[in-house]
Amino acid sequence: MLRVVDQQVDTSGELHRRRVHDRRRVVIGHLEQVVAGGDAPADLDAEHAVDLLVGPLYYHHLVLHRALDAAEVEAHLDATLRLLGIPG
């Protein structure tokens, strides 16, 4: 019985990791397209940019236990993209 539960937990964790990874790859792909199109600095590290974009959202949710509303998320994304040299 414990083996079955352990396998289910492993499967659940793997599905979560794949889902997060897949979504992350989509955002990285968009940022790489922006760089290729000349609308962002050529030396932009897309993976690091995703960390900067998403990290504060997780921090608010997991540490502060306060999710941001849509306006706050938009303001954060706009400010971070400006800091990264990507026009809004």
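## Helix α2 and its ends

In this predicted model, helix α2 is followed by His65, whose phi is positive, near 55°. At the start of the helix, a side-chain oxygen of Asp45 comes to within 3.1 Å of the backbone nitrogen of Glu47.

Helix α2 comprises the 18 residues 46-63. From first C-alpha to last it reaches 25 Å, close to the 26 Å expected at 1.5 Å a residue. A kink of about 35° is located at Val54, shortly before the proline Pro56.

Ala46, Ala49, Val50, Leu53 and His60 are the buried residues of α2. An α-helix has 3.6 residues a turn, so residues three or four places apart point the same way.

The largest nonpolar core has 10 residues: Ile28, Leu31, Ala40, Leu44, Ala46, Ala49, Val50, Leu53, Leu84 and Ile86. Helices α1 (2-36) and α2 each supply at least two residues of this core, and α2 gives the most, with four residues. Beyond residues up to four places away in sequence, Ile28 touches Ala46, Glu47 and Val50. In soluble globular proteins, nonpolar side chains tend to be buried together.

## Helix α3 and its ends

Helix α3 covers residues 70-83. Its 14 residues should span 20 Å at 1.5 Å a residue, and this agrees with the model because the end C-alpha atoms are 20 Å apart.

The N-terminal end of α3 is capped by Asp69, a side-chain oxygen of which lies 3.1 Å from the backbone nitrogen of Ala71. After α3 comes Gly85, with a positive phi near 85°.

Technical notes. Residues are numbered from 1 along each chain as its sequence is written. This is a predicted model: local features need pLDDT of at least 70, side-chain atom pairs count only at pLDDT 80 or more; totals for chains, interfaces and linings use all residues. Side-chain values use heavy atoms; hydrogens and water are left out. The expected span of a helix is 1.5 Å times one less than its number of residues. The bend at a residue is the angle between axes fitted to the seven residues ending there and the seven starting there. Buried means under 20% relative accessible area, exposed over 50%, partly exposed in between (1.4 Å probe, protein chains only). A polar contact is a pair of N or O atoms within 3.5 Å; within protein, one must be able to donate a hydrogen and the other to accept it, and residues adjacent in sequence count only if both atoms are side-chain atoms. A nonpolar core is a set of buried Ala, Val, Leu, Ile, Met, Phe, Trp, Tyr and Cys residues joined through side-chain atoms within 4.5 Å. Contact means heavy atoms within 4.5 Å.
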